[in-house]
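I opened this entry to look up how the fold is put together. My notes follow in the order I took them.

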Amino acid sequence: SKRGCDPSTVSVGYLEWSDFSDEAASTEQIRSASSLAALSNADVMIAADVAYDVGVLPSLAQTVKQFLFSRTESELQRVAIFATTYRNKNTFDRLQREISLCGIKCVETKNLESLPHLFPCYFLQARTDVRIWIMKVDIV
């Protein structure tokens, strides 16, 4: 497709944020096989409505970090795209801080037309309560 990827190459995987927390890494807990497979085989991470519980935000940021800093066979720069409903300023500020501490550049986009289309989309619904964030490794 001229604006995205071939839909036949899209797959969905389950990620358990807590599998990638600092605590899990420090205690060398074994991560679930499904989380590792989903993380290692993708070029793009897409998440929706994941910024609502401050307790999981550090693990969420660590998961994004693990994903973005890992290599794939395609050698494309990985990207994470989040669509999250803006409910609470403190929660959003905390998520941005956690993401930044991981060395990740996070940019909010308001230009939905610029995003790749993975599936047929016949309209864009204008919503002021949803934020679209594009995250990449912050290379200095």
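I began with a term: a nonpolar core is a set of buried Ala, Val, Leu, Ile, Met, Phe, Trp, Tyr and Cys residues joined through side-chain atoms within 4.5 Å. I also note that the model is predicted.

**Entry 1: the core**

I looked up the largest nonpolar core, which has 24 residues. Val64, Leu68, Phe82 and Met135 touch the most other members. I then listed the elements that give two or more residues to this core: β1, α3, β2, α4 and β4. The largest share comes from α3, with six residues.

I followed up on Leu68. Which residues is Leu68 in contact with, leaving aside neighbours within four places in sequence? I found Arg78, Val79, Ala80, Ile104, Met135, Lys136 and Val137.

**Entry 2: the sheet**

I traced four strands in an open sheet. Their order is β1-β2-β4-β3, and the pairing is mixed.

Next I checked β1 against β2 (residues 79–85). The two run parallel and are joined by five bridges. I looked up Ala47 and found its bridge partner in β2 to be Phe82. Phe82 had already come up in my core entry.

**Entry 3: helices on the sheet**

I turned to helix α3 (residues 57–69), which packs on the sheet. Helix α3 touches β1, β2, β3 and β4 (130–137). Its direction makes about 155° with that of β2.

Helix α4 (residues 89–101) packs on the sheet as well. I have α4 touching β2, β3 and β4. The direction of α4 makes about 10° with that of β4.

**Entry 4: α3 against α4**

I took the angle and the axis distance for this pair. α3 and α4 pack at about 40°, with their axes 9 Å apart. The two helices are therefore oblique to each other. I recorded the crossing as right-handed. From α3, the contact is made by Leu57, Pro58, Leu60, Ala61 and Val64. From α4, the contact is made by Thr91, Arg94, Leu95, Glu98 and Ile99.

**Entry 5: Glu98**

I picked out Glu98, which lies in helix α4. Is Glu98 buried or exposed? Its relative accessible area is 15%. Buried means under 20%, so Glu98 is buried. Not counting residues up to four places away in sequence, Glu98 touches Leu57, Pro58 and Ala61.

Technical notes: Residues are numbered from 1 along each chain as its sequence is written. This is a predicted model: local features need pLDDT of at least 70, side-chain atom pairs count only at pLDDT 80 or more; totals for chains, interfaces and linings use all residues. Side-chain values use heavy atoms; hydrogens and water are left out. Two strands pair if DSSP finds at least two bridges between them. Contact means heavy atoms within 4.5 Å. Axes are lines fitted to C-alpha atoms, for helices over the stretch in contact, and angles run from 0 to 180 degrees between N-to-C directions. Buried means under 20% relative accessible area, exposed over 50%, partly exposed in between (1.4 Å probe, protein chains only). Angles under 35 degrees count as roughly parallel, over 145 as roughly antiparallel, 65 to 115 as roughly perpendicular and the rest as oblique. A crossing is left-handed if the near helix is turned anticlockwise from the far one by less than a right angle, and right-handed if clockwise.
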